[in-house]
Amino acid sequence: MTFRVLILGGTTEARVLAERLAGDSRFETTISLAGRTANPISQPVPVRTGGFGGPVGLAQYLRDNGIDVLVDATHPFAANISRNAIAAASAAAIRLISVRRPQWQPEPGDKWRFHSDIGAAIKALGTAPRHVFVTLGRQELEPLCAAPQHFYLIRSVDPVEPPLAVPNAEYILHRGPFDTAAEEALLLKHRIDAIVAKNSGGEASRAKLVAARRLAIPVEMISRPPHEGDSPVATAEEAMRVLDHWAASTANRGE
């Protein structure tokens, strides 16, 4: 039996899992990207781009395409997509694997404060003008406009268009992974005295936190939304082990 797998992607974990599945004849794999990035990284399996129309549309896609396993390997902050994946997999009566990389944890020397959302993190910067390094999705920057007194150094994969309605902002286009020494130099160059970041986890963007620790720069950290559904796996390798187990179990039953 060939397992048809749909990966909801856009993360390193999704791409690594797709690489593993691409060379495995037991699986026929498609990766789905939301289409928010203008120049996405190439993928080793066929790619579907765009939304599904909520959980009902996703469930219909799963049924129409004979998908056996849905893998939610989206960004840890993509809570709506993850909820849709749970509902759609249940409606289509197929298996679901959720991949969630571990969160970052503060280490000795870190000066982190945790916030429930971006607006709270920006408010915590205070009223006095500061130099703030911002590493949020380009579609999540509007709360910065509530505090126009700060200088914002904003890094994103794609251009922020239109630019924010703040008087003092600079934009950097760069895709990770990032180097700690380069991050430290960037923070020093722009006289950064605060960082606003989401607790995404992973290695690709951890360097800014190491640099902040070395320079004693405080971080306004936005906490992840709670994960719904069954306990997730932490890595692409763990997801592959689950798929291996399911494939072996099906073969042993002669299906």
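Is Glu-203 buried or exposed? In this predicted model, Glu-203 counts as exposed, with a relative accessibility of 57%.

Six strands make up an open sheet with parallel pairing, arranged in the order 6-11-10-7-8-9. Strand 6 (112-115) and strand 9 (169-173) each have a single partner strand, so one side of each has no neighbour in the sheet. From one strand to the next, the twist averages 20°.

Strand 10 (residues 194-198) and strand 11 (residues 219-222) run parallel and are joined by four bridges. Ile-195 is placed opposite Val-219 in strand 11.

## Salt bridges involving helix 6

The whole structure contains 16 salt bridges. One of them pairs Asp-110 with Arg-213, with 2.9 Å between the closest N and O atoms. Asp-110 lies in the loop between strand 5 (95-98) and strand 6, while Arg-213 lies in helix 6 (residues 207-215), so this pair ties together parts 103 residues apart in sequence. Asp-110 is buried at 16% relative accessible area, whereas Arg-213 is partly exposed at 23%.

Arg-214 forms a salt bridge with Glu-184, at 3.5 Å from N to O. Because Arg-214 belongs to helix 6 and Glu-184 to helix 5 (residues 180-189), the pair ties together parts that are 30 residues apart in sequence. Arg-214 is exposed, with 55% relative accessibility.

## Other salt bridges

Glu-203 forms a salt bridge with Arg-206, and their closest N and O atoms are 2.9 Å apart. Arg-206 is partly exposed at 26% relative accessibility, while Glu-203 is exposed at 57%.

A network of salt bridges links Asp-24, Arg-26 and Asp-244.

How values were computed: Residues numbered from 1 in each chain as written. Predicted model: local features only at pLDDT ≥ 70, side-chain atom pairs only at ≥ 80, totals over all residues. Heavy atoms only, no water. Pairing = 2+ DSSP bridges. Helix = DSSP H or I, 4+ residues; strand = E, 2+ residues; numbered from the N terminus. Axes fitted to C-alpha atoms, helices over the stretch in contact; angles between N-to-C directions. Salt bridge = Lys/Arg side-chain N within 4 Å of Asp/Glu carboxyl O. Buried < 20%, exposed > 50% of the residue type's maximum accessible area, 1.4 Å probe, protein only.
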